Amino acid sequence: MQQKVLSTIEEIKIYSDPYRIQILNMFNKQGRPSTVKEIADKLGEVPAKVHYHVKKLEKIGLLTLVSTREINGIIAKYYEPFQGEIHLRHEEEDHSPLKQVFRSETLKLLNEMYEQSRQMFMKQAEHSDNMFGQISDMTLYASREEVEQLYRDITKMCEPYTKRNEQKGDQKVFQLFSTLSQHVEEPPEPKKSKTPPHQPEE
């Protein structure tokens, strides 16, 4: 599977923009290369606004121009979203100012991705008469290497379902949002001293 490493603050800021995440999600939902106008129509936006953000995403390799076609004298450009693992990595020292900014932007990105996924799930739950959704919450015991392999295996299992099959008319769009994180122990609370407070001398 392909991997994309975002290692600069500029790349993280481009990726973490909420509107750009929506644009990427819409490209993925299309299941095929699409034009800016197609995506703009789906989002109810003007193409010029979407085009600005598409160029930003293309700059960091999350969208790729794959073909062009002339339609009524206008060159239509077809973009395809990156299909693979996206890694966030910064090589600065742990306590450097740039490292802290990188961490802040990364947390902003994660928060936005969680929120958009939550909104999609709740929208389906609130407005669908035939709701279908699955939630799992499991504790796993494994080495770091085993867990990384597990995630790769899960991703590979999903690959056949990430492309729309035009021959299957019964296909619908589902959203799978998964997280795999290591449990972090909460630091113990400091013990309260039993020594009585110092009494001022009279």
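**Core and helix packing**

Val 50 touches Tyr 19, Ile 23, Val 36, Ile 39, Ala 40, Leu 43 and Glu 45, leaving aside residues up to four places away in sequence; contact here means heavy atoms within 4.5 Å. The model is predicted, so local features need pLDDT of at least 70 and side-chain atom pairs count only at pLDDT 80 or more, while totals for chains, interfaces and linings use all residues. Residues are numbered from 1 along each chain as its sequence is written, and side-chain values use heavy atoms, with hydrogens and water left out.

Val 50 also belongs to the largest nonpolar core, which has 24 residues. Such a core is a set of buried Ala, Val, Leu, Ile, Met, Phe, Trp, Tyr and Cys residues joined through side-chain atoms within 4.5 Å. Buried means under 20% relative accessible area, exposed over 50%, and partly exposed in between (1.4 Å probe, protein chains only). Tyr 15, Ile 23, Phe 27, Val 50, Val 54, Leu 57 and Leu 62 touch the most other members. Two or more residues each are given by helices H1 (9–16), H2 (18–30), H3 (36–43), H4 (47–59) and H5 (97–127). The largest share, 6 residues, comes from H2. Helices (H or I, at least four residues) and strands (E, at least two) are DSSP runs numbered from the N terminus.

H1 is largely enclosed by the rest of the structure, because 6 of its 8 residues are buried. These are Ile 9, Glu 11, Ile 12, Ile 14, Tyr 15 and Ser 16.

The axes of H2 and H4 come within 10 Å and cross at roughly 85°. H2 is therefore roughly perpendicular to H4, a term for angles of 65 to 115 degrees. Axes are lines fitted to C-alpha atoms, for helices over the stretch in contact, and angles run from 0 to 180 degrees between N-to-C directions. On the H2 side, Tyr 19, Arg 20, Ile 23, Leu 24 and Phe 27 meet Lys 49, Val 50, Tyr 52, His 53, Val 54, Lys 56 and Leu 57 of H4.

H3 and H4 pack at about 115°, with their axes 9 Å apart. Val 36, Lys 37, Ile 39, Ala 40 and Leu 43 of H3 make this contact with Pro 47, Val 50, His 51 and Val 54 of H4.

Asn 72 is found in the loop between strand S2 (63–71) and strand S3 (74–81). Asn 72 has a positive phi of about 55° although it is not a glycine, and at 78% relative accessibility it counts as exposed.

Conventions
Angles under 35 degrees count as roughly parallel, over 145 as roughly antiparallel, 65 to 115 as roughly perpendicular and the rest as oblique.
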